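The sequence and structure are shown first.

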Amino acid sequence: MGTLVIFDIDGTLLDTVFPHQSSYLSALGRFGFKSVDADWSGYPEHLDSAILHEIMRANCGRRATENEITRFDVDLASEFRRRWNRTGDSLRASSLELLAWLRDRQDTSVVFATGGLAAVTDVKLQGLGQGGSPAATASAVETRHALIERAILLGGATVGRDRIVSIGDGLWDARAALSAGVEFVGVGEHGAAAFTSENPAAAHVNEVGDLVRHAIW
Ligand SMILES: [Mg+2]
């Protein structure tokens with residue numbers, strides 16, 4: 001294999017952070033949790049599954065069951081579909097262009113890694129013309145580190161043998177790439193200095209569309 005590219009989705013390929021978070025809160029309300037701490041950075045792991053387990057533990061003294069997570073995800077996905085303006089998404093056009101450009105490169109494969117649950121993730125992937133593509137999601141794992149490891153596995157790559165590039169907008173994405181031993185490109189508002197303070201080898205671009213024909217290739 002040549003290069004495996006691992007993409008975060010929310011805030012990296014799509015402008016979906018706000019519609020995702022508001023749909024998540026609304027789904028929690030229908031799940032019976034009307035007043036929850038919506039400072040997501042205060043949770044130990046920033047993944048839909050880990051946060052749901054944490055809220056269940058605080059309110060019910062136990063983790064969510066697999067069945068509860070699946071039910072929650074189906075409701076979250078339908079709420080998200082209502083709230084996300086896919087055609088008005090400010091990042092989508094340049095992401096479609098980048099994904100098309102990468103598809104034409106014989107030596108490169110792509111896999112997605114996201115803190116969102118599986119059903120809501122597939123709504124986003126459909127919006128990127130990638131419905132059903134391999135994706136490591138919060139339905140399978142509960143930590144950012146495990147998310148990257150799962151993406152590497154799904155991509156059929158091996159650390160140390162293949163070139164693996166992780167691309168994300170979160171500082172936790174930079175940290176997870178460092179701990180997994182893969183390259184990292186930070187995207188967007190945190191800026192080059194913030195990303196390199198988390199991951200000294202991190203590269204940086206302002207938006208993901210800047211990666212078409214970028215020097216990192
Ligand atoms: Mg993100």
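## Domain arrangement

The domain assignment divides the protein chain into domain 1 (3-16 + 87-211) and domain 2 (17-83); such bounds come from an automatic or database domain assignment. The model is predicted: local features need pLDDT of at least 70 and side-chain atom pairs count only at pLDDT 80 or more, while totals for chains, interfaces and linings use all residues. Residues are numbered from 1 along each chain as its sequence is written.

Between the C-alpha centres of domain 1 and domain 2 the separation is 22 Å. To their contact, domain 1 contributes 16 residues and domain 2 contributes 16 residues (two residues are in contact if their C-beta atoms, placed from the backbone, lie within 7 Å). On the side of domain 1 that touches domain 2, helix H5 (residues 118-127) gives the most, with four residues; helices are DSSP runs of H or I with at least four residues, numbered from the N terminus. That side of domain 1 comprises seven nonpolar, six polar and three charged residues (Ala, Val, Leu, Ile, Met, Phe, Trp, Tyr, Cys and Pro count as nonpolar, Asp, Glu, Lys and Arg as charged, and the others, Gly among them, as polar).

## Packing of H1 and H3

Helix H1 (residues 17-30) packs with helix H3 (residues 66-83) at an angle of about 135°, their axes being 9 Å apart; axes are lines fitted to C-alpha atoms over the stretch in contact, and angles run from 0 to 180 degrees between N-to-C directions.

Residues of H1 in this contact include Tyr-24 and Arg-30, and those of H3 include Phe-72 and Glu-79. By class, the contact of H1 with H3 has six nonpolar, four polar and four charged residues.

Key: Helix = DSSP H or I, 4+ residues; strand = E, 2+ residues; numbered from the N terminus.
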